[in-house]
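Please look at the sequence and the structure shown here before reading on. The report that follows goes through the strands and then the helices.

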Amino acid sequence: MKKPSLIIFIFDTDFSISAFRFDEGYKISISGVAPDIERAFDKLYGSKVFDNINDVKNFINSFTEAKVVKELIF
């Protein structure tokens, strides 16, 4: 089974976290939040590499209490 290139997690609070697959693993970004929060998130987590999508999901569960309402997989 081919690994997804992009997964977008959409939350019940109108923001989303995207996980992009690169050769070394997955990198994440956030959208739908204030620009200051987006820059801070990028500074803290933009260079973090996750080995697999389960690591991304575990991070999301530890990062926020918001519920994922949809996963878009590409």
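## The sheet

Two strands are said to pair if DSSP finds at least two bridges between them. In this predicted model, four strands form an open sheet in which the order is β3-β2-β1-β4 and the pairing is antiparallel. The strands at the edges are β3 and β4, the latter covering residues 68-73, and each of them pairs on one side only. Neighbouring strands of this sheet are turned against each other by 20 degrees on average, if direction is ignored.

## The hairpin of β2 and β3

Strand β2, made of residues 16-22, and strand β3, made of residues 25-31, run antiparallel and are joined by seven bridges. Together β2 and β3 form a hairpin, with two residues between them.

## The helices

Helix α1, which spans residues 35-45, packs on the sheet and touches β2 and β3, and the direction of this helix makes about 165 degrees with that of β3.

Helix α2, which spans residues 53-63, lies across β1 (6-11), β2, β3 and β4, and this helix runs at about 20 degrees to β1.

Technical notes. Residues are numbered from 1 along each chain as its sequence is written. This is a predicted model: local features need pLDDT of at least 70, side-chain atom pairs count only at pLDDT 80 or more; totals for chains, interfaces and linings use all residues. Side-chain values use heavy atoms; hydrogens and water are left out. Axes are lines fitted to C-alpha atoms, for helices over the stretch in contact, and angles run from 0 to 180 degrees between N-to-C directions. Contact means heavy atoms within 4.5 Å.
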